[in-house]
Amino acid sequence: MRRVWIVVTLLLVTACSPTSSYVKGEVVSCESISQDKNFTGGISMDCLDRTDGARLGGLRGPMVVNVWGSWCGPCKEEMPILRSFYAKAKGKVALIGVDVEEATFDDGRLFVERNGITWPNLYDPDGRSRKYFGLGVPVTWFIDASGTVAFKKYGPFNSVEEIELDVAKYLGEK
């Protein structure tokens, strides 16, 4: 009888404790993306919320642009780091995502919701941004106020401090 109580108690305790660090994200509008509205070159991309997005090349910072895909393991692993960075940098440095080469439109939307992403995301369904960002994900660009790409980071971030150091070094923001 005592073993039954121990088992029941353990089941109740573990059933009520959190099993993951799940944070719900939401697909947000790209209206807040800072860009030169007169810029006509570059690549036009829609927003993941199905509205007008932005023109790559017309983006104006200070801004961190993270290119990801729902099918990319390292992209998923760095999302908690990007979430922490965004919470600290919001209002000083913009964070924009670019979802690339999804099998379906909903794959990107589900990734955003399941990985706690709450910043604007552009959508590239057919790989046309490869000409701009190159091959491989994750890749992150640091864009200054004039629209110049100040730094390109290939591969995932390992810490929030790593992003913050790059932002300070290449964008002059703390």
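What is the handedness of the disulfide of C30 and C47, and why? The torsion about the S-S bond of this pair is about 80°, so the disulfide is right-handed.

## About the model

The model is predicted, so that local features need pLDDT of at least 70 and side-chain atom pairs count only at pLDDT 80 or more, while totals for chains, interfaces and linings use all residues. Residues are numbered from 1 along each chain as its sequence is written, and side-chain values use heavy atoms, with hydrogens and water left out.

## Overall build

The protein has five helices and seven strands, and these follow one another along the sequence in the pattern α-β-β-β-α-β-α-β-α-β-β-α. Helices (H or I, at least four residues) and strands (E, at least two) are DSSP runs, numbered from the N terminus.

Of the 174 residues in the protein, 43% are buried, where buried means under 20% relative accessible area, with a 1.4 Å probe and protein chains only. Among contacts (heavy atoms within 4.5 Å) between residues at least 6 apart in sequence, 68% join residues at least 24 apart.

## The two disulfides

A search of the whole structure finds two disulfides, a disulfide being a pair of cysteine sulfur atoms within 2.5 Å. With the bonded cysteines numbered in sequence order, the pairing is 1-2, 3-4.

Because C30 lies in the loop between α1 (2-16) and β1 while C47 lies in strand β1, the pair ties together parts that are 17 residues apart in sequence. Both C30 and C47 are buried.

Another disulfide joins C72 to C75, with an S to S distance of 2.4 Å. The torsion about the S-S bond of C72 and C75 is about 80°, so this disulfide is right-handed, and both C72 and C75 are buried.

## The largest pocket

A pocket is an open set of points on a 1 Å grid over the protein atoms alone, where a 1.4 Å probe fits, with protein on both sides within 12 Å along at least five of seven lines; its lining residues have an atom within 4 Å of a point. The largest pocket holds about 170 Å³ of space and is lined by 14 residues, of which Q35, D52, G53, A54 and R55 lie nearest its centre.

The elements that give two or more residues to this lining are β1 (43-47) and β2 (52-56), and β2 gives the most, with four residues.

Note on methods: Points joined across faces, edges and corners; volume = space filled by probe spheres on them. Buried < 20%, exposed > 50% of the residue type's maximum accessible area, 1.4 Å probe, protein only.
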